[in-house]
Amino acid sequence: MEMATKSVIVGGHTAKKPLLIALLGGFLFLGTLLSIFGLTGVAYALPLGGVGEFTVQFDKLNGQGFKMYGGMAESGETKQTPVFVNEIKNANIQGLKISKDFEALGLRVVIESSGTVSIDGLVQKATQINGNISFGNLTMKENYVGDVQDPIQKAAQEFTQGADSITIDNGNLKTVYLFQQKVSLPGMKVYFEKLK
Amino acid sequence: MRRFHWQTFRHWRRRRPFWGATLLLLSGVIILWIPAHLYEISLVPGNAVFAGFFLGGMVLLMGILAYAMPRLSTLLGIIGMFSAILSIMGALGGFLIGTILGIIGGALCIAWRPQWSESDAPIAHHEAAADKEPSAATD
């Protein structure tokens, strides 16, 4: 006759050797993954926002699949600021420089890339756009939004602008939010400057 | 009464990889914070942020399951740790803090060894039976 006995857990302990092996394996895997990103300079789903307004400057931007509409976003000073939302499917940027002033600390953080930055899936919310801009197949459209209740949806749908291609020379954008699905930053440099 | 609750909690805690599961849970919440703030974009399937939601959710789930199924702590720890590291893509690993907590939590779950006892036998007699799987005794 066979009789099964029910085993229950009455306690437990952490074994040191497997713990060390697991920790070592985990950090080694993380290090490998980070070094692959570091070597190729590729980052995925990189958001930059919630730090208030920052400045994006570049010498030249070439983009495909451009779309612009109105929206609202958080900034350092106000909860809701009216913004332009720019979406670009693929973009190549030369001479990119992103900077943010921290006046309380008297510091400016600068992120610079010496090579050509390529971005997939760029979403950017700007309060001001300056530069020499040219479009290919530009469409501007005003849509009926009388039946839309949500003011943010209303702003997004009322006026839309789209273009197959966009080129901006000497761009200077006051930005509150930046998101890239995939970005490669060759020759990236991060440094701090003292504010005058 | 309070002491009784505390003792019940300590007894419950001893029988599962408590700290490992708690760190995994915390890691999952931190990793999910980024895609939750990018929800407008992340609901599009196939998007990298969607992967962030998935991986952050996996870490959170492994933490909860490690409380409920301590027998599977090694497997849950491995999946939790792996998901936390991969979340670097899509959720930035909760600004790396989530990933590091996930690695430590996962390692604690992997290294946790339960002590078994047959339900109707005295505990002290079976304390030496640690690291053994549930047994089937023959008569």
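**View 1. Strand 9 of chain A lies largely in the open.** Strand 9 spans residues 188-194 of chain A, and the number of its 7 residues that are buried is 0, so it lies largely in the open. Buried means that 20 or more other C-beta atoms lie within 10 Å of a residue's own; exposed means 12 or fewer, and partly exposed is in between, with C-beta atoms placed from the backbone. Strands are DSSP runs of E with at least two residues, helices are runs of H or I with at least four, and both are numbered from the N terminus. Strand 9 of chain A pairs with strand 5 (residues 107-113) of chain A. The two are antiparallel and share 7 bridges. Pairing requires that DSSP finds at least two bridges between the strands. Find A:Tyr191 in strand 9 of chain A: A:Val110 stands opposite.

A note on the model: it is predicted, so local features need pLDDT of at least 70 and side-chain atom pairs count only at pLDDT 80 or more, while totals for chains, interfaces and linings use all residues. Residues are numbered from 1 along each chain as its sequence is written, and chains are lettered from A and ligands numbered from 1 in the order in which they are written.

**View 2. Chain A has 2 helices and 9 strands.** From the N terminus on, the order is β-α-β-β-β-β-β-β-α-β-β. Chain A has 196 residues, and 22% of them count as buried. Now take its contacts between residues at least 6 apart in sequence: 80% join residues at least 24 apart. A contact means that two C-beta atoms, placed from the backbone, lie within 7 Å.

**View 3. A:Asp59 sits in strand 2 of chain A.** That strand covers residues 42-73. A:Asp59 has 13 C-beta neighbours inside 10 Å, so it counts as partly exposed. In sequence, A:Asp59 and A:Asp169 are 110 residues apart. In space, their C-alpha atoms are 5.7 Å apart. Leaving out residues up to four places away in sequence, A:Asp59 touches A:Gln94, A:Gly95 and A:Asn170.

**View 4. A:Asn170 has a positive phi.** Its value is near 50°, in a residue other than glycine. A:Asn170 belongs to strand 8 (residues 159-184) of chain A. There are 13 other C-beta atoms within 10 Å, so A:Asn170 is partly exposed.

**View 5. A:Asn137 also has a positive phi, but lies in a loop.** Phi is about 55° here, although A:Asn137 is not a glycine. The loop runs between strand 6 (116-136) and strand 7 (139-142) of chain A. A:Asn137 counts as exposed because it has 9 C-beta neighbours inside 10 Å.

**View 6. A strand of chain A meets a strand of chain B.** Strand 1 (residues 7-14) of chain A joins strand 1 of chain B through 7 bridges. The two strands run antiparallel. One bridge partner pair is A:Val8 and B:Ser117. Strand 1 of chain B covers residues 112-118 and is mostly covered, with 5 of its 7 residues buried.

**View 7. Chain B has 7 helices and 1 strand.** Its elements run α-α-α-α-α-α-α-β from the N terminus on. Of its 139 residues, 45% count as buried. Among contacts in chain B between residues at least 6 apart in sequence, 68% join residues at least 24 apart.

**View 8. Helix 1 of chain B lies largely in the open.** Helix 1 covers residues 2-14, and the number of its 13 residues that are buried is 0, so it lies largely in the open. From first C-alpha to last, helix 1 of chain B reaches 18 Å, close to the 18 Å expected at 1.5 Å a residue. The expected span is 1.5 Å times one less than the number of residues.

**View 9. Helix 5 of chain B packs against helix 7 of chain B.** Helix 5 (residues 73-86) has 14 residues and reaches 20 Å, close to the 20 Å expected. Its buried residues include B:Leu76, B:Gly80 and B:Ala84. The axes of helix 5 and helix 7 (residues 97-111) of chain B come within 7 Å and cross at roughly 165°. Axes are lines fitted to C-alpha atoms, for helices over the stretch in contact, and angles run from 0 to 180 degrees between N-to-C directions. The two helices are therefore roughly antiparallel, a term for angles over 145 degrees. Their crossing is left-handed: the near helix is turned anticlockwise from the far one by less than a right angle. Among the residues that meet are B:Gly77 and B:Met81 in helix 5, and B:Gly102 and B:Gly106 in helix 7.

How values were computed:
Parallel < 35°, antiparallel > 145°, perpendicular 65-115°, else oblique.
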